[in-house]
Amino acid sequence: MAANWGLTPIQIATIDAIVSVFESEGPGDYSAIARNPQDPGGLSYGKHQAALTKGTLHDLIERYCNHPEADFASALRPYLPQMKAGDRTLDRDQKLYDILKRASLDPTMQEVQDDFFSERYMATALDKFKEFGFQNALSAAVIYDSYIHSGGLNMQARTEKTYGAPGKDNEKEWIQGYAKTRKEWLATHPNTLLHSTAIRIETFLRQMQEGNWDLNMPLHVVRPTKTYPLTPYDLATHLYK
């Protein structure tokens, strides 16, 4: 990622790893699959969970199938029309599940996932980070998590009602307000499946309390039943070489 957002490559990789723990319980779990029938996103796959009904699963798998070195392209390509249609019967397709699990071990799938999530979400989130004039890696992490989990800064307007427009002069106050606003929204959402995801915001609030705005490691990523101690050894080196 060549753009200049004022963050180091390791900080960007740390943000990626934090969100990977949220989404798949570990940093860089390319094999993670969720298929809760009550989840409106349907079947989701990969380290940051590309979702069937949002069209991102199709886009990810199509990108993989078009790669000349994709080992499982022939096995996955027949599923592309159903993925494009958001066909929820794929949630229960055990054959597809097994193929996706095996494909996650293919270095090409891992490369495609890294590039897909970086280009589709990380770059967009960091462009917004720069647009605001923000400078701290922790602020970028909050923004990226919101893009991955909620499709964008869905609490921006609500946060601005209390904290004003975001800018470099109120960065820390505003991003903390955003995190608290989003945590409350997740915890009280009519879709009760979102309630348990409010815990992800606790990671950011704890780092703010500790003054770790640069995301120095080790740091603890809070999960519903335990915390994950994130260290530099967890970073996928190919993300920032």
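Reader: In which sense, left-handed or right-handed, does α7 pass α9?

Author: In this predicted model, α7 passes α9 in a left-handed crossing. The axes of helix α7, residues 137-150, and helix α9 come within 10 Å and cross at roughly 30°.

Reader: Why does that angle make α7 roughly parallel to α9?

Author: Angles under 35 degrees count as roughly parallel, and the axes of α7 and α9 cross at roughly 30°, so α7 is described as roughly parallel to α9.

Reader: Which residues of α7 and α9 meet, and how do they divide by class?

Author: From α7 come Ser-139, Val-142, Ile-143, Asp-145, Ser-146, His-149 and Ser-150, which meet Glu-171, Ile-175, Tyr-178, Arg-182, Trp-185 and Leu-186 in α9. The residues of this contact divide into six nonpolar, four polar and three charged.

Reader: At roughly what angle do the axes of α9 and α10 cross?

Author: Helix α9 (residues 171-187) and helix α10 (residues 200-209) have axes that cross at roughly 150° and come within 10 Å.

Reader: What makes α9 roughly antiparallel to α10?

Author: The label of roughly antiparallel applies to angles over 145 degrees, and with a crossing at roughly 150°, α9 is therefore roughly antiparallel to α10. The crossing in which α9 passes α10 is left-handed. On the α9 side the contact is made by Ile-175, Gln-176, Ala-179, Lys-180, Arg-182, Lys-183 and Leu-186, and on the α10 side by Ile-201, Glu-202, Leu-205 and Met-208. By class, the contact has six nonpolar, one polar and four charged residues.

Reader: How many residues does the largest nonpolar core have, and which have the most contacts inside it?

Author: The largest nonpolar core has 72 residues, and those with the most contacts inside it are Tyr-45, Ile-61, Leu-76, Met-83, Ile-143, Tyr-144 and Met-208. Helix α6, residues 107-132, supplies the largest share of this core, eleven residues.

Reader: Which residues does Leu-76 touch, not counting residues up to four places away in sequence?

Author: On that basis Leu-76 touches Ile-61, Tyr-64, Cys-65, Leu-96, Ile-99, Leu-100, Ala-103 and Met-109.

Terms used:
Residues are numbered from 1 along each chain as its sequence is written. This is a predicted model: local features need pLDDT of at least 70, side-chain atom pairs count only at pLDDT 80 or more; totals for chains, interfaces and linings use all residues. Side-chain values use heavy atoms; hydrogens and water are left out. Axes are lines fitted to C-alpha atoms, for helices over the stretch in contact, and angles run from 0 to 180 degrees between N-to-C directions. Helices (H or I, at least four residues) and strands (E, at least two) are DSSP runs, numbered from the N terminus. Angles under 35 degrees count as roughly parallel, over 145 as roughly antiparallel, 65 to 115 as roughly perpendicular and the rest as oblique. A crossing is left-handed if the near helix is turned anticlockwise from the far one by less than a right angle, and right-handed if clockwise. Contact means heavy atoms within 4.5 Å. Ala, Val, Leu, Ile, Met, Phe, Trp, Tyr, Cys and Pro count as nonpolar, Asp, Glu, Lys and Arg as charged, and the others, Gly among them, as polar. A nonpolar core is a set of buried Ala, Val, Leu, Ile, Met, Phe, Trp, Tyr and Cys residues joined through side-chain atoms within 4.5 Å. Buried means under 20% relative accessible area, exposed over 50%, partly exposed in between (1.4 Å probe, protein chains only).
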